[in-house]
Amino acid sequence: MPIDCIAGTSIGALVGAGYATGQPAAQIEKFVTGIDWAAVIGGVGRRNLEPIEQKRLTLDAGSSLRVGLVDGKIVAPSGLADSSSIDDLLRGYVAQSRTVSDFDKLPIPYRAVATDMLTGNMVVLDHGDIATAMRASMAIPGAFSPVVLDPWILSDGGMVRNIPIDVARNTCADIVIVVNLVEPPPQREKLVQAQQLLSRSMDVMFEVNEKAQLATMTERDILIDVPMGDISTGDFERLPETIPLGEVAARRQADRLAALSVPRPEYAAWRAGITRSQEVEAKIVDVRVEGLDFVNPEYLRTLAVVSAGDTINVDDISGDARHMAALDELDSVAYRLEGDSAASTLVWMPKEISLGQNVLRPAFGMFADGGGDFKFLIGAQHVRYWVNPLGAQWRSRIQLGDESALTTSFYQPFDVGQRTFVEPGLFSGRLVEDVYSQGDRIATHEFIDLGGQLDFGWNLSRNAQLQAGYQFTARRARVDTGLPILPEIDADDAGITLSARYDSRDTPTFATQGLAAAIRYTNIDESLGADREWESLEAGVRKAIPIGGKYLTWLSLAGGTHLDSDLPLDRYYSLGGPRVLQAFQHDELRVAEYWVAESSFLRKLKTLSPIKNQAIYAGLGIQVAGLYDRIDVAGDDDSEEIFGGYLFLAGPTALGTFTLGIGFTDSEANLWLQIGKTISSGTILDDNLFR
């Protein structure tokens, strides 16, 4: 049955574009069923493309939430989902046909329907970039950022014409074949919550214009109703399940469809005449970057593999586009090829972040346990991006609560590729900690720090970083309440710091695969301006290993030592709380040296978002730790090995990981709840790298 023209809305625009560009149905099915929606919409895998410094900055913020400051106003992101991957997917899907600007000149004339968010009017896209037309028609408001095509701001066409019958008639059609996806009627008991009602309001909007269009059908037109069952608009990962539903529905109309068919030889000739490959192979003679206001285009070139002189295909370009789009400073990266395949210019068209150069990340953390501890923090990180052409950033953070801080630093790369950098900074902090003796809380101490640092760094790869620097800290400590177990302190610590980090985890919190590792060394010396001398060396590593689809294990190892130096009591390592030895109170165990080994086994209980790979897990953990020179016990018991375990429920949230659990040893037990950014204890496992 030859098709004369196609009009589509939303997912109909995607499928219709494939057919209109000359792709056979089997090829479209292969494409659609092969889409990794978790990567395309959920951003799964994107973190592996981020620079190591961007990962560090995000972890320091304690939250992935972002808002912008533009002209003194707070600006929210234009879409909840990252649109760069779906943009890239669509460009590859119709790669060859993107050079055809008039949609009437495609193998089959084509129209995509979108909604102008400025006027509320329907916009019929009949020319331009066909990948952009599809993307505009599919831009669900709030989920995906709109497509800006002057004079329009375009979002999902379903709001004005979910079934574009009149558009098809105006294009060419005497007889219209309508594919109508039918969802079951809503249930009264599921229209109670605000989110349910908001979702239903969008459905009502669609249904109203659907009914108006269906009412225009004539006896010659053919309606194919496809019952969708419990598959809803947002169930992208279930898209392959819809294909058999469509086939069954179409076969119900087989007799009527047969009346429009032509003899097999005639159809074969028609099919051969319109079939087009979407493969692209081009010789690149030049690479150009357009449309940037503050991001240095030369920096983007350092991220790209494709260069002048290469012969490339769509996958090569897509790989570079994904690397660029992983930057926080960009919302998406488009491209076009100019010239012919023998001499093409690759033009990158990155879109800078809609939040502007000033970005805020809010953070929240809360910890409570069965021993009466309740701790919280609230704060925000501010980053000013691209202060100069080398990519300098001014970074500041404020945090209030049991762990208060005010910091500011200036990250300055030395080279356009940002391989090496210097970061001077100032900091102040106030930390309130309880001190224990024989398991009893007997004092609360307040630590106030004021100082600065000068760090030099080397970004070895997307996963690895080295840093070395000088740090000065004026520390003041006093007893807030209780007995003076720790001495009153008025001392300056100054010396050399060295650190290294490795981070290949798939997510910044609650990783399901990848490795996190860190090592840090501090040498405080009087010759460098200190009042006392001491050293410390600490290292930690955690490996996340997925086991099938429902199971996960974490393996962790950490330790710290004073290297036979005179480590001050206020610099002792502290354990106990949500990270290490959960059976004990927060910071209950204070030691000069320690080691800890841990294994956790988790089982997925409930999937929160298949696309984002988010779920609630139940877990069992086992720990063994060696503690040396404890100050919370006296005599020969100041060093020992402790065996413990814990049971927990955990999962990711927008504020970070939540954990509800109970820790135990042969003599101790404690219930705890942790949400968001961790209230730090005093070991390397409290570093944000191990969240």
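This is a predicted model: local features need pLDDT of at least 70, side-chain atom pairs count only at pLDDT 80 or more; totals for chains, interfaces and linings use all residues.
Local features need pLDDT of at least 70 and side-chain atom pairs 80 or more, while totals for chains, interfaces and linings use all residues. Residues are numbered from 1 along each chain as its sequence is written, and side-chain values use heavy atoms, without hydrogens and water.

Start with the whole protein. Its C-alpha trace spans about 95 × 60 × 45 Å along the principal axes. Colour by secondary structure: the protein has 14 helices and 31 strands (DSSP runs numbered from the N terminus; helices are H or I with at least four residues, strands E with at least two).

Next, select L605, L620, I622, L647, L649, L660, I662, F664 and L671. Together they form a nonpolar patch on the surface, with about 770 Å² of accessible area (Shrake-Rupley method, 1.4 Å probe, only the protein chains shown counting as cover for residues). Patch residues have over 30% relative accessible area and no salt bridge, and nonpolar side chains (Val, Leu, Ile, Met, Phe, Trp, Tyr) are joined within 5 Å. A salt bridge is a side-chain nitrogen of Lys or Arg within 4 Å of a carboxyl oxygen of Asp or Glu.

Now show 614–628 (β28), 640–653 (β29) and 656–664 (β30); each supplies at least two patch residues. β30 gives the most, with three.

L605 lies in strand β27, residues 593–609. Stay on that strand and select W595. Its contacts beyond four places in sequence include A558, V624 and E641 (heavy atoms within 4.5 Å). W595 and E641 are 46 residues apart in sequence, yet 9.3 Å apart in space, C-alpha to C-alpha.

Notes. Patches are made of residues with over 30% relative accessible area and no salt bridge: like charges are joined within 9 Å, nonpolar side chains (Val, Leu, Ile, Met, Phe, Trp, Tyr) within 5 Å.
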